[in-house]
Amino acid sequence: MNQPSAPSQRTRVRRSANYAAYDQASVHAIVDAAYICHIAFQDAHGAHCIPTACWREGEHLYIHGSNGSRMVKQLLEQDSCVTITHLDGLVLARSAFNHTMNYRSVMIYGRFEIVEGEAKRSTMDVFMERLAPGRQHETRRGNDKEFAATTVLRIALSEAACKTRSGGPNDDEEDMGIQAWVGELPFKQVQATPIPAADCPVAAPDYVRRWDGAAG
């Protein structure tokens, strides 16, 4: 079976290439399931990898930060690599070296660009909607001073590679007689019961009550 071609040499998956995907739908699904990404870049002090909140709008991944942020300054001057990983399970095999994990991951390469004007304000609304749908209509929107102190950046999703694994262990034929439990230990991120602030006088809205799936 032919593998789809990578958008660039630096995104081409070489090890376990059968786990790779480069299509738009796969990239979007992994990005949309994330609240945090990790961004790698380099400056005069060395290499850094910083976790930060992220969201997707169209064909770009967005982040925001303080105007004085070291990372923000560097991302406008050099290419960087953005990664997102979701762990789905531990896979236990008959051989120690055949143990693995089930996961969904994406790597995004490119140069961030600054987002300004009304586009900056509107995509921050998209971010709020991503965190809690309907929330932006209940809270105060950022004022001019807050927006002036904040930089919003975006990176295109056009140069990206996904790598995913699912299913059980792949044991070697010579190990099949080993009497050990084999299979997957699934891993899930759980949305737990919301905890209101001590001074909150407002009843929980629908998006809060539905957070842990308990609302009817």
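## Salt-bridge network

Arg 10, Asp 79, Arg 111 and Glu 159 are linked in a network of salt bridges, a salt bridge being a side-chain nitrogen of Lys or Arg within 4 Å of a carboxyl oxygen of Asp or Glu. By this rule the count comes to 15 salt bridges.

## Basis of the description

The model is predicted, and local features therefore need pLDDT of at least 70, side-chain atom pairs count only at pLDDT 80 or more, and totals for chains, interfaces and linings use all residues. Residues are numbered from 1 along each chain as its sequence is written, and side-chain values use heavy atoms, with hydrogens and water left out.

## Overall architecture

The protein chain has 5 helices and 11 strands. These elements are DSSP runs numbered from the N terminus, with helices (H or I) of at least four residues and strands (E) of at least two. Along the principal axes, the C-alpha atoms of the protein chain fill a box of roughly 65 × 45 × 35 Å.

Of the 216 residues of the protein chain, 31% count as buried. Here buried means under 20% relative accessible area, exposed means over 50%, and partly exposed lies in between (1.4 Å probe, protein chains only).

## Individual salt bridges

The side chains of Arg 56 and Asp 32 meet in a salt bridge, with an N to O distance of 2.8 Å. Arg 56 belongs to strand 4 (residues 55-57) and Asp 32 to helix 1 (residues 24-32), so this pair ties together parts that are 24 residues apart in sequence. Arg 56 is partly exposed at 25% relative accessibility, and Asp 32 is partly exposed at 31%.

A salt bridge also joins Asp 88 and Arg 104, whose closest N and O atoms are 2.8 Å apart. Because Asp 88 lies in strand 6 (residues 80-92) and Arg 104 in strand 7, the pair ties together parts that are 16 residues apart in sequence. Asp 88 has a relative accessible area of 23% and is partly exposed; Arg 104, with 29%, is partly exposed. In the salt bridge between Glu 138 and Arg 135, the closest N and O atoms are 3.9 Å apart. Glu 138 counts as partly exposed at 48% relative accessibility, as does Arg 135 at 34%.

## The largest pocket

About 470 Å³ of space lies in the largest pocket. On a 1 Å grid over the protein atoms alone, a pocket is an open set of points where a 1.4 Å probe fits, with protein on both sides within 12 Å along at least five of seven lines; lining residues have an atom within 4 Å of a point. Grid points are joined across faces, edges and corners, and the volume is the space filled by probe spheres set on the points.

The lining of the largest pocket comprises 21 residues, of which Pro 194, Ala 204, Pro 205, Tyr 207 and Val 208 lie nearest its centre. Helix 3 (117-131) and helix 5 (206-209) each supply at least two residues of this lining, and the largest share, 3 residues, comes from helix 5. By type, the lining residues divide into 16 nonpolar, 1 polar and 4 charged. In this division Ala, Val, Leu, Ile, Met, Phe, Trp, Tyr, Cys and Pro count as nonpolar, Asp, Glu, Lys and Arg as charged, and the others, Gly among them, as polar.

## Nonpolar surface patch

Leu 87, Leu 90, Met 101, Trp 181, Leu 185 and Phe 187 form a nonpolar patch on the surface, with about 580 Å² of accessible area together. Such a patch is made of residues with over 30% relative accessible area and no salt bridge, nonpolar side chains (Val, Leu, Ile, Met, Phe, Trp, Tyr) being joined within 5 Å. Accessible areas come from the Shrake-Rupley method with a 1.4 Å probe, and for residues only the protein chains shown count as cover.

## Backbone and spatial separations

Most residues other than glycine have a negative phi. Ser 16 has a positive phi, near 50 degrees. Ser 16 is found in the segment before strand 1 (20-21) and is partly exposed at 31% relative accessibility.

Glu 116 occupies the loop between strand 8 (113-115) and helix 3, and is exposed, with a relative accessible area of 56%. Glu 116 and Ala 148 are 32 residues apart in sequence, with their C-alpha atoms 9.9 Å apart in space. Ala 6 lies in the segment before strand 1 and is partly exposed at 23% relative accessibility. The C-alpha atoms of Ala 6 and Cys 54, which are 48 residues apart along the chain, are separated by 24 Å.

Key
Patches are made of residues with over 30% relative accessible area and no salt bridge: like charges are joined within 9 Å, nonpolar side chains (Val, Leu, Ile, Met, Phe, Trp, Tyr) within 5 Å.
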